[in-house]
Amino acid sequence: MLAERASPVAQEEDFFKWDEKKFGLGVHAMDLEHQKLISLMNQLYSLSKNKAPKPRLVMVLDQLTAYTIKHFDDEEKFMQSIAFPGFITHQQVHKSLLEKFGKHAKSFKEGSDLVVPNEFFTFLKVWLQAHIMGLDRKYSEHAK
Ligand SMILES: [Fe+2]
Ligand SMILES: [Fe+2]
């Protein structure tokens, strides 16, 4: 169940590559934070693929969790600073993402898996892509 030799992503260095054209919002501080999120996610991915000890995985997962909370917080402050009308909806989406993220994190931390399950990575990737390209882009357009 844990083997995934045939998976194309397994050969890549980076699980998730930053693409300025796709993800760049033109809001510098938020672009930097998105890059940092992606880098933590890539770190977790490669450590997990290389079967790093679980406490090490948990450490990076905790960093990713803390940084996600910080990012959402910073983003919400930014949206308020530009009086973005979609703020409340965006804040609710952040809240529900954090809940889902927390459930995945908890089940990995408390469960017997020694590597981070693929569905967790899929969730992270889909979330980041869809969220940055969809919702986050809206406040960046408002900021222009
Ligand atoms: Fe957001
Ligand atoms: Fe964001």
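Let me start with a question: among contacts in the protein chain between residues at least 6 apart in sequence, what percentage join residues at least 24 apart? It's 66%, where a contact means two C-beta atoms, placed from the backbone, within 7 Å.

Some housekeeping. This is a predicted model, so local features need a pLDDT of at least 70 and side-chain atom pairs count only at pLDDT 80 or more, while totals for chains, interfaces and linings use all residues. Residues are numbered from 1 along each chain as its sequence is written, and chains are lettered from A and ligands numbered from 1 in the order in which they are written.

How confident was the predictor? pLDDT is its confidence in each residue, from 0 to 100, and the protein chain averages 91, with 91% of the residues scoring at least 70. Over residues 6-11, though, the pLDDT is below 50, and beyond near neighbours in sequence that stretch has four contacts in the model.

Now the overall picture. The protein chain has five helices and zero strands; these are DSSP runs numbered from the N terminus, with helices being H or I of at least four residues and strands being E of at least two. The radius of gyration is 16 Å, close to the 15 Å that the globule rule gives for 144 residues, so the chain is as compact as a globular protein of that length. For the record, that radius is taken over C-alpha atoms, and the rule is 2.2 Å times the number of residues to the power 0.38. Along the principal axes, the C-alpha atoms fill a box of roughly 45 × 30 × 20 Å.

And burial? I call a residue buried if 20 or more other C-beta atoms lie within 10 Å of its own, exposed if 12 or fewer, and partly exposed in between, again with C-beta atoms placed from the backbone. Buried residues make up 17% of the 144.

On to the core. In soluble globular proteins, nonpolar side chains tend to be buried together. Here the largest nonpolar core has 12 residues, including Leu37, Tyr45, Leu61, Phe108 and Phe120. Leaving aside neighbours within four places in sequence, Met41 is in contact with Phe15, Phe16, Leu64 and Leu124.

Next, H3. Its 28 residues should span 40 Å at 1.5 Å a residue, and the end C-alpha atoms are 40 Å apart, so that agrees; the expected span is 1.5 Å times one less than the number of residues. Its buried residues are Leu57, Leu61, Leu64, Thr68, Glu75 and Met79, and they pack against H2, H4 and H5.

H5 is the one with a kink to look at: where does H5 bend? At Arg137, by about 45°, the bend being the angle between axes fitted to the seven residues ending there and the seven starting there. Buried in H5 are Phe120, Leu124, Ile132, Asp136 and Tyr139, and what covers them includes H1, H2, H3 and H4.

Leu128, also in H5, is partly exposed because it has 19 other C-beta atoms within 10 Å. Not counting residues up to four places away in sequence, Leu128 touches Phe16, Leu37 and Ile38. Leu128 and Ile38 are 90 residues apart along the chain, yet their C-alpha atoms are separated by 8.2 Å.

Last, two loop residues. Most residues other than glycine have a negative phi. Lys51, in the loop between H2 and H3, has a positive phi of about 55°, and Lys51 is exposed, with 11 other C-beta atoms within 10 Å. Just after H3, Ala83 takes a positive phi of about 50°. Is Ala83 buried or exposed? Exposed, because Ala83 has 8 C-beta neighbours inside 10 Å.

Key:
A nonpolar core is a set of buried Ala, Val, Leu, Ile, Met, Phe, Trp, Tyr and Cys residues joined through C-beta atoms within 7 Å. pLDDT is the predictor's confidence in each residue, from 0 to 100.
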